[in-house]
Amino acid sequence: MVDRLCQTLGTLLCKLDDVAYHDFPPLQALTDPSVEMRLRDLGFGYRARFLQQSSQTIVNSHGPDWLQSLRSAPYLQARDALRSLPGVGLKVADCVCLMSLDKFEALPVDTHVWQIAKRDYSFAAGNSQKTLTDRVYKEIGDFFRKLWGPYAGWAHSILFCADLKRFQKLKEEIPVLKDEKTELKKKMKERRHDRNEEKQSEKGKKHQRT
């Protein structure tokens, strides 16, 4: 999709071995209302309208350097700013923060990541929920950020890719030492114990205030 976008609206950079390479189109090239139909013809589907409207919003309300400026903004501030754009929710905003804005703690969560959290890390929050709410989304992100630290976003991406079907055979070929498994289980048990103690402490404080 990105290749088709560049070939259609980007500037030709060079030709190498009969293959044409194009630059990514500037925001101004995506703002015209006619761009939506062109993008639909390129296979962008429902994304076409959001791309055109978001580009228009950025150019008219923020300026062409706005996205670049978000690299120096704190993570949550940058994510909230992105969410002001048409069609941008928590997951898309976190994807952009992680992969384009150097926010390594950004952790995109979808139902697949939710399943990994429950299956491999005994993550219990939101078990009664059938859909991924904003609250559960935040809890999963905070859980992994506490577990993995400042590069949690990239750790999550490795787990996500490793869980894809096409990588299953490769994952099975990598030996995991028993000691490593035991250590991981021990750490997870300690973290669950710490969370339970925090909850009990909060309950005690509320009881005292009452």
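**Exercise 1. The surroundings of Phe143 and the cores**

Task: Leaving aside its neighbours within four places in sequence, find which residues Phe143 is in contact with, and then describe the largest nonpolar core.

Solution. Step 1: once the neighbours within four places in sequence are set aside, the residues in contact with Phe143 are Tyr121, Phe123, Met188 and Arg195. The model used throughout these exercises is a predicted one.

Step 1: turning to the largest nonpolar core, one counts 17 residues in it, and Phe143 is listed with Val109, Tyr121, Ile140 and Phe144 among those that have the most contacts inside this core. Helices H7 and H8 each supply at least two residues of the core, and the largest share, 6 residues, comes from H8.

**Exercise 2. The chain as a whole**

Task: State how many helices and strands the protein chain has, and in which pattern they follow one another along the sequence.

Solution. Step 1: the protein chain contains 11 helices and 2 strands. Step 2: when the chain is read along the sequence, the pattern is α-β-β-α-α-α-α-α-α-α-α-α-α.

**Exercise 3. The largest cavity**

Task: Work out which residues line the largest cavity, and which helix gives the largest share of that lining.

Solution. Step 1: a search of the whole structure finds 1 cavity of 30 Å³ or more, and the volume of the largest cavity is about 30 Å³.

Step 1: the lining of this largest cavity is formed by Val113, Ile116, Phe144, Trp148, His156, Leu159 and Phe160. Sorted by class, the lining has 6 nonpolar residues and 1 polar residue, with no charged residues.

Step 2: at least two of the lining residues are supplied by each of helix H7 (111-121), helix H8 (134-148) and helix H9 (152-162), and H9 provides the largest share, 3 residues. Phe144, which lines the largest cavity, is also named among the residues with the most contacts inside the largest nonpolar core.

**Exercise 4. The largest pocket**

Task: Describe the largest pocket by its volume, by the residues closest to its centre and by the classes of its lining.

Solution. Step 1: the largest pocket has a volume of about 1,100 Å³. Step 2: it is lined by 30 residues, of which Phe24, Leu51, Val88, Val92 and Val96 are the closest to its centre.

Step 1: helix H1 (2-9), helix H3 (47-62) and helix H6 (90-100) are the elements that give two or more residues to this lining, and H3 gives the most, with 6 residues. Step 4: by class, the lining of the largest pocket consists of 24 nonpolar, 5 polar and 1 charged residues.

**Exercise 5. Asp94, buried or exposed?**

Task: Decide whether Asp94 counts as buried or exposed, and list the residues it touches beyond those up to four places away in sequence.

Solution. Step 1: Asp94 is found in helix H6. Step 2: a residue counts as buried when its relative accessible area is under 20%, and because the relative accessibility of Asp94 is 0%, Asp94 counts as buried.

Step 1: not counting residues up to four places away in sequence, Asp94 touches Tyr75, Arg79, Ala106, Leu107, Pro108 and Tyr137.

Conventions
Residues are numbered from 1 along each chain as its sequence is written. This is a predicted model: local features need pLDDT of at least 70, side-chain atom pairs count only at pLDDT 80 or more; totals for chains, interfaces and linings use all residues. Side-chain values use heavy atoms; hydrogens and water are left out. On a 1 Å grid over the protein atoms alone, a cavity is a set of points where a 1.4 Å probe fits but cannot get out, and a pocket is an open set with protein on both sides within 12 Å along at least five of seven lines; lining residues have an atom within 4 Å of a point. Grid points are joined across faces, edges and corners, and a volume is the space filled by probe spheres set on the points. Helices (H or I, at least four residues) and strands (E, at least two) are DSSP runs, numbered from the N terminus. Ala, Val, Leu, Ile, Met, Phe, Trp, Tyr, Cys and Pro count as nonpolar, Asp, Glu, Lys and Arg as charged, and the others, Gly among them, as polar. A nonpolar core is a set of buried Ala, Val, Leu, Ile, Met, Phe, Trp, Tyr and Cys residues joined through side-chain atoms within 4.5 Å. Buried means under 20% relative accessible area, exposed over 50%, partly exposed in between (1.4 Å probe, protein chains only). Contact means heavy atoms within 4.5 Å.
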